Amino acid sequence: MALNSSALNGVTLNGSSARAFRAPDYVLRGIGYRWRLRLTVGGVDLTAQLTGSVDVDREEGAAGVGGFTLYLPPGPVVPTDWIGKAVSLDYISTTAGITTEARRYTGVIISPTWNPTTRLLSCECSDQLQQRVEAKTIADIDTLAGGYWSADVFELTDGRSHWDYAIERLSTIPVSLDCSPAGDLRVTSWYAAAPHFVFGPGTTLDQSLGLDLAPLSNMTSRVEIEFSYRYSRLWQRNQRYTWQHPETGTSTGNSGFCAWRGFPSELPTVEMVEDAAAGKGQAIINPIYYRLPLTAVDPCGDGTAWINNFPDLLLGAAWTGVRRYAQAVTETYSLVLATAAGESADGRIVQRASYSFEVEDDAAEAWEADPITDGESGAVDLVDEARRSAAINVALRIGQTEIIAAHRETLISWAVPTSMAMGVDLIHTLEITSQGVTARGKCRRITDSFDLASGSAITTLTIAVMRGGGASDPLTLPAMLGTGVVGAEDSGDGLIMPTQLSGWLLPPYDENILGFSGNNDAGGGTETFPRDLNIPLDEIPADERDENKLTAETLYRVGIPNDPLEL
C-alpha cells in the first residue's frame, strides 16, 4: 500500500481527522468586495489608529509573525509598555450586502519602535510558538506533538530545552507544529487530502503565480542507518567431579573405610579440594564429602581401636566446580529506507546516520564478583528489549520522515484578494487550475498584505506538492539477534579422577595425570609422590569469551504520493 496520510497514525487536526471528507469550496471570480480590519491591542480596539500597511506571515512549523503601525495622539508614550501586549487582527469583508469576518492573526508585540517626530509606533509581533512550547511540561508536549522518542537516540530531558525536545518528537512523524489564526497550538499533517478549496480560472491575480522546483540534490531518496546495540551475556559453566580412594572398593560408609584401613595411604582434605577448585578459578557448589570416620573403639570389628585427629581427611568427594564470566555481544543492524529511485544504484541521493547504545547493568559486574551458590550451565543475555525497540523505531521514523520531507520541496504559490481566501488555513489542502497550472497540495504558507492607503488586501498562498510514487513497507522492527537465554549441558556424572600412590610394583609418578597423588603408609617404594590434588579443566571456547558480533540487514520501501502537478 502506498504511503499516504495514514502514516500519521491517528494524528488529528483541530479535533477531527485530517483525512475527513468535506466538499471543497470553489472560489468564485468576478465578485467585488469591501473590506476593513479590526485590530485590538491589550484588549483595546485601536483600529482607528492604524496607518500605512499591515502584514501577516504564517508558515507551517514556524512562529507566525505580523507587523503594523499605529499613530499615537499627543501625550506621553512609554514604548516598553507595549512589549508583550496581546494582539488580534480580524479581516471583515462585505459583498452583496453580506458581511463575514475571519481572524487572521493572534500574537503579542515583541518589538515596538517609536518615532517621536511622526508619533508613529511600529510594532513587530509573534505568536511565540517556541516560547509557548518551552513553557509546557514534557507530558504536555508528548500529548501536543505526538511522535516517537528515545533517550538512546536523543538525550535525557533533564536540564534541556523543551522546544528542542518537541522538535525531536516532530522529527519522527510527517507533521508540523504551528499556531492557528486564533493562536491555538496544533500539529498539521504534511499530506494532501481531498481539496478543501479550489481556485479555478480567473481567481488568481495575474502574473502572481510562483513555481519553486526542488533541486535534485535535496531530494533524498535513500537513508542508510547503522544501528549498534551492545550488552553483556553472562555465562556459567558447571563441571562435576568425583574422586574416591581405590582401596575402598567403591564402597562408602564404614565398609569402604574398613577396606581402606587394610591398605592405608595418604588422603586429601576438604581444604585441598577447595584449593584445587579455586586454583582453576572455580567455586564449589553441591559438595558431597566422604570423610574418614571419627575416633571409634572398634569400627571394623577386628578388635582394633580407631583414632582420628584430622576430621577433614577424605576417602571420597563429589562436587560441582563453577565458573562465571561475562561476554560482550554487539548486535548491528543495517537499516535502509529507500524510495523507488533510492533502490536503484544510479542517481540515488543518499543520507547516512548511525546510532549506538550499550545496556549497562550492575548484574554484569556482580556476576563474576558475587559468591556462587547455585545455577545451571548456560548463559543469560542482559538485554533491554524495550530500549532496543524504542531506539530502532525512532531511528527508522527519523529516516522515513527525512525522505518524505525531501519530496515535498516543490512549491506553488499564487495571490488572491484576501476576501477570496478568508477560510484558508495551514491545515487545508488547496487545488489550483489557473494561469496554465494544475496542482494540488497541502497549504504550507499564508501571507497577508493590507495597504490602508491604496485599499488593497492581498493574500499569497503557497502549497507543497509531493511527488515520488512507489509503495511503502510497514516499519516492522527487526527481531532481536541474541536469543536472550543460551542453554548448555552440565557435565552429567562428571569427571572421575584417578589416584596415583607410591609403593612396590606401582607405576612411577606421572605429572600429566590429573587427580590425587600420595604415598602408601606401608612405604616400600623407591619414589615419594607429592601429596596433591589437581583437577582437570576444559578451556572456555573462544566463541563464548570473545566479543560476539551479530548482524542483520533490512530494506524498507518508502512510497511518496504523487500530488497532481501539470504545467
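**Close-up views of a predicted protein model**

**View 1. Tyrosine 71 meets its partner across two strands.** The bridge partner of tyrosine 71 is leucine 120, which sits in strand 10. These residues belong to strand 7 (residues 65-71) and strand 10 (residues 120-126), an antiparallel pair held over seven bridges. A word on terms: strands (E, at least two residues) and helices (H or I, at least four) are DSSP runs, numbered from the N terminus, and two strands pair if DSSP finds at least two bridges between them. Keep in mind that this is a predicted model, in which local features need pLDDT of at least 70, side-chain atom pairs count only at pLDDT 80 or more, and totals for chains, interfaces and linings use all residues. Residues are numbered from 1 along each chain as its sequence is written, and side-chain values use heavy atoms, with hydrogens and water left out.

**View 2. Strand 10 also pairs with strand 9.** Seven bridges join strand 9 and strand 10, again in the antiparallel sense. One place to look is serine 111, whose bridge partner in strand 10 is glutamate 124. Is arginine 119 buried or exposed? Arginine 119 is buried, with a relative accessible area of 17%; buried means under 20% relative accessible area, exposed over 50%, and partly exposed in between (1.4 Å probe, protein chains only).

**View 3. Strand 8 pairs with strand 4 and strand 9.** Strand 4 (residues 34-41) runs antiparallel to strand 8 and pairs with it over eight bridges; here valine 41 has valine 87 as its bridge partner. Ten bridges join strand 8 to strand 9 (residues 98-115), also antiparallel, and aspartate 90 stands opposite arginine 103 in strand 9. Strand 8 and strand 9 make a hairpin with two residues between them, and alanine 96 in the turn has a positive phi of about 50°. Seven of the ten residues of strand 8 (residues 86-95) are buried, so this strand is largely enclosed by the rest of the structure.

**View 4. Glutamine 207 sits in a loop.** Find glutamine 207 in the loop between strand 13 (197-199) and strand 14 (210-212). Its phi is near 60°, a positive value in a residue other than glycine. Glutamine 207 is exposed, with a relative accessible area of 72%.

View 5. Strand 27 (residues 516-519) pairs with strand 28 in the antiparallel sense over two bridges, and serine 517 has aspartate 532 in strand 28 as its bridge partner. Strands of a sheet pair through backbone hydrogen bonds, either parallel or antiparallel.

**Stepping back. The whole protein.** The views above come from a protein with nine helices and 30 strands. Its C-alpha trace spans about 135 × 60 × 35 Å along its principal axes. Of its 567 residues, 46% count as buried.
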